[in-house]
2 protein chains.
Amino acid sequence: MRDLEDFNDTNLQPGLSVDCVLFGFDNNELKILLLKLKSIEKWALPGGFVNVDKDVNAEAHAVLKNRIGLENVFLKQFYLFGNLERNLNTHTPELIKNGIISTKRIAFFKQRFITVGYYALVEYSKVKETTVDFISEACEWHSIHNLPKMIIDHKEIILKAHQTLKKELNTEPIGLNLLPKQFTMPELQALYETVLEKKLDRRNFSRKMLNYNILKDTNKRRMGVKHKAPILYEFDMENYNQAIKNGFNSIW
Amino acid sequence: MRDLEDFNDTNLQPGLSVDCVLFGFDNNELKILLLKLKSIEKWALPGGFVNVDKDVNAEAHAVLKNRIGLENVFLKQFYLFGNLERNLNTHTPELIKNGIISTKRIAFFKQRFITVGYYALVEYSKVKETTVDFISEACEWHSIHNLPKMIIDHKEIILKAHQTLKKELNTEPIGLNLLPKQFTMPELQALYETVLEKKLDRRNFSRKMLNYNILKDTNKRRMGVKHKAPILYEFDMENYNQAIKNGFNSIW
DNA sequence: TTATATTTGTGTCATATTAACACAATGAAA
DNA sequence: TTTCATTGTGTTAATATGACACAAATATAA
């Protein structure tokens with residue numbers, strides 16, 4: 001969708017949207033990709049509407065592809081936000097005044113929107129384009145600890161996504177898509193510490209990770225560091241996918 | 001909603017429904033509460049539509065209250081089913097012929113329905129009424145291993161709910177609502193074994209459960225059994241709720 | 001060339017948890 | 001009072017965890 005003329009709500013599932021919390025990892029910070037809305041001084045999660053003849057999960061993937069230019073990312077439904085306050089009522093006057101939405105579509109935008117929350121883990125460096133479209137004017141990463149003003153409940157959605165990610169770290173590995181193809185043990189640990197917001201013991205972390213058997217030693221080391229060169233690892237994709245599928249640390 | 005005349009789709013979120021997988025535990029079997037649809041030889045999960053001015057989670061609770069007569073149950077969203085094949089196309093002719101839906105509403109029923117899946121844990125004995133309404137003629141428990149023919153993807157929804165429950169058993173206790181107020185350790189173990197579909201060691205199970213500190217010894221024993229009288233336990237509600245809230249067996 | 005600072009890789013040890021197993025106690029029925 | 005099924009609890013070996021310390025590598029400073 002490039003501009004307003006292309007926008008037509010007749011094929012859209014009324015009152016339903018998808019919103020994607022994109023987690024990136026940079027500079028030992030967990031970051032979220034946000035869009036700055038035109039004519040509203042607030043930011044929003046990348047999201048979209050659901051076509052009546054499109055699979056909902058496919059629409060979430062389409063958001064990432066069309067608005068951010070990302071394909072094949074790890075994307076997962078985590079919650080449906082369906083409370084009554086979810087609408088753009090307070091913003092519709094500005095949106096209409098600035099020609100972002102047409103008066104014909106006003107009812108569509110004023111209704112309560114139920115949104116399906118997805119989270120995705122993406123390699124920070126892969127998102128370069130600051131795509132703009134008919135409703136957003138900028139696309140930037142923001143530290144999860146320093147979020148700008150956001151529309152409706154998008155801050156809560158991010159919070160819930162983060163809680164979900166933390167919890168899932170107990171039963172599933174992460175790192176793929178968040179880290180470059182090859183990475184060191186300290187880098188992997190920094191990712192875990194950032195997501196979990198706590199320090200972990202270096203030696204115990206390494207032992208535990210290696211025991212999961214999802215890492216492959218590439219027999220290379222990261223060069224050009226001003227201290228002992230750390231081993232470069234890759235994920236063993238077969239075992240990694242197995243772990244994603246079956247989970248680990250199951251107690252029963 | 002007692003009959004067809006009361007049914008009006010103008011206030012309903014089009015193409016959206018909620019469906020509830022009610023787990024019950026009886027005779028060492030995991031059972032699911034199902035509705036037999038009028039004029040279709042298939043069963044369905046108790047579900048409902050979403051009013052545009054109702055909170056989605058509240059609508060799921062309303063389904064349980066209005067259709068099953070249940071209040072204050074543990075009810076949890078687990079997945080949104082949004083693929084393209086989710087519609088009643090193949091059934092609308094029968095439904096119209098038998099006067100279950102009116103021709104005026106045909107478009108409403110033929111559209112693709114996105115449904116929010118909830119699961120609930122309920123005490124088997126508390127559901128007695130076989131409520132019938134304008135679309136269902138019976139309401140019965142079915143063993144999860146012997147499900148009747150079901151509409152659309154309701155079998156898949158049950159499967160996914162069961163998988164979710166199994167997985168969540170690693171981080172959260174269950175039992176409250178599935179068992180009577182007072183229960184014995186072997187009864188609790190039977191519940192776990194049924195949900196997990198595997199045998200557990202009696203001694204290790206007992207030790208682990210007691211270590212979670214969610215059980216209170218009532219200093220009573222189940223009488224009238226033809227062997228050693230087992231201790232009756234209750235859940236320690238404070239610790240139980242704490243465990244539900246914070247989870248347990250977190251590894252990081 | 002050598003010393004220093006920093007960071008990485010790995011080992012140890014005490015403690016806690018788990019899995020596998022056995023035996024005594026209880027209560028009804030024979 | 002013997003038998004039987006079932007419950008409660010203890011033991012032990014193997015494994016995992018948490019808290020630690022030291023040696024190796026590498027750039028930089030001396």
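# A chat about chains A and B

Trainee: How do β10(A) and strand β11 of chain A pair?

Mentor: β10(A) pairs with β11 (residues 231-235) of chain A in the antiparallel sense, over five bridges. Two strands count as paired if DSSP finds at least two bridges between them, and strands are DSSP runs (E, at least two residues), numbered from the N terminus. This is a predicted model, in which local features need pLDDT of at least 70 and side-chain atom pairs count only at pLDDT 80 or more, while totals for chains, interfaces and linings use all residues. Residues are numbered from 1 along each chain as its sequence is written, chains are lettered from A and ligands numbered from 1 in the order written, and side-chain values use heavy atoms, without hydrogens and water.

Trainee: Which residue stands opposite A:D217?

Mentor: A:Y233, in β11(A).

Trainee: What is the strand order in the open sheet of three strands?

Mentor: The order is β9-β11-β10 (chain A), with antiparallel pairing. β9 (183-184) and β10 (215-221) of chain A are at the edges with a single partner strand each, so one side of each has no neighbour in the sheet.

Trainee: Changing topic, how many residues of chain A are in contact with chain B?

Mentor: 38 residues of chain A contact 38 residues of chain B, where contact means heavy atoms within 4.5 Å.

Trainee: How many salt bridges are there between chain A and chain B?

Mentor: The count is two. One of them joins the side chains of B:K167 and A:E172 (2.9 Å, N to O). A salt bridge here is a side-chain nitrogen of Lys or Arg within 4 Å of a carboxyl oxygen of Asp or Glu.

How values were computed
Helix = DSSP H or I, 4+ residues; strand = E, 2+ residues; numbered from the N terminus.
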